Amino acid sequence: MARSVKVGEWYRHRDTPNYAWARVVRVLEPGQYPNDTRKKVAKCEWVVNKTDLPLMIKYIAVSNLIKTN
């Protein structure tokens, strides 16, 4: 069961908890276009520092996002 994330909040990827930030733009349910997986996926703006301009969009499984300070 995937936990919920809030749109507009900052998270980090659980495999790289000390590098880069992901700001959730949209949450896609399983099977909802363009998510063709069986997992709930978050469309995120990926940046190194929170003040940087977002130059990359990543689709990350909600279960891989962790909330940090």
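Analyst: A nonpolar core here is a set of buried Ala, Val, Leu, Ile, Met, Phe, Trp, Tyr and Cys residues joined through side-chain atoms within 4.5 Å. Buried means under 20% relative accessible area, exposed over 50%, partly exposed in between (1.4 Å probe, protein chains only). The model is predicted: local features need pLDDT of at least 70, side-chain atom pairs count only at pLDDT 80 or more, and totals for chains, interfaces and linings use all residues. Residues are numbered from 1 along each chain as its sequence is written, and side-chain values use heavy atoms, with hydrogens and water left out.

The largest nonpolar core has eleven residues: Val-5, Tyr-11, Ala-20, Ala-22, Val-24, Ala-42, Cys-44, Trp-46, Ile-60, Val-62 and Leu-65. Strands S2 (21-28) and S3 each give two or more of them. S3 supplies the largest share, three residues. Strands are DSSP runs of E, at least two residues, numbered from the N terminus.

Now the sheet around it. Five strands form an open antiparallel sheet, ordered S4-S3-S2-S1-S5. Two strands pair if DSSP finds at least two bridges between them. S3 (residues 41-47) and S4 pair over six bridges. Within S4, Ile-60 stands opposite Ala-42.

Leu-65 has contacts (heavy atoms within 4.5 Å). Leaving out residues up to four places away in sequence, Leu-65 touches Arg-3, Val-5, Tyr-11, Arg-12, Ala-22, Val-24, Ala-42, Cys-44 and Ile-60.

Ala-20 lies in the loop between S1 (10-13) and S2. Ala-20 is buried, at 3% relative accessible area. Its phi is positive, near 70 degrees. Most residues other than glycine have a negative phi.

How values were computed:
Helices (H or I, at least four residues) and strands (E, at least two) are DSSP runs, numbered from the N terminus.
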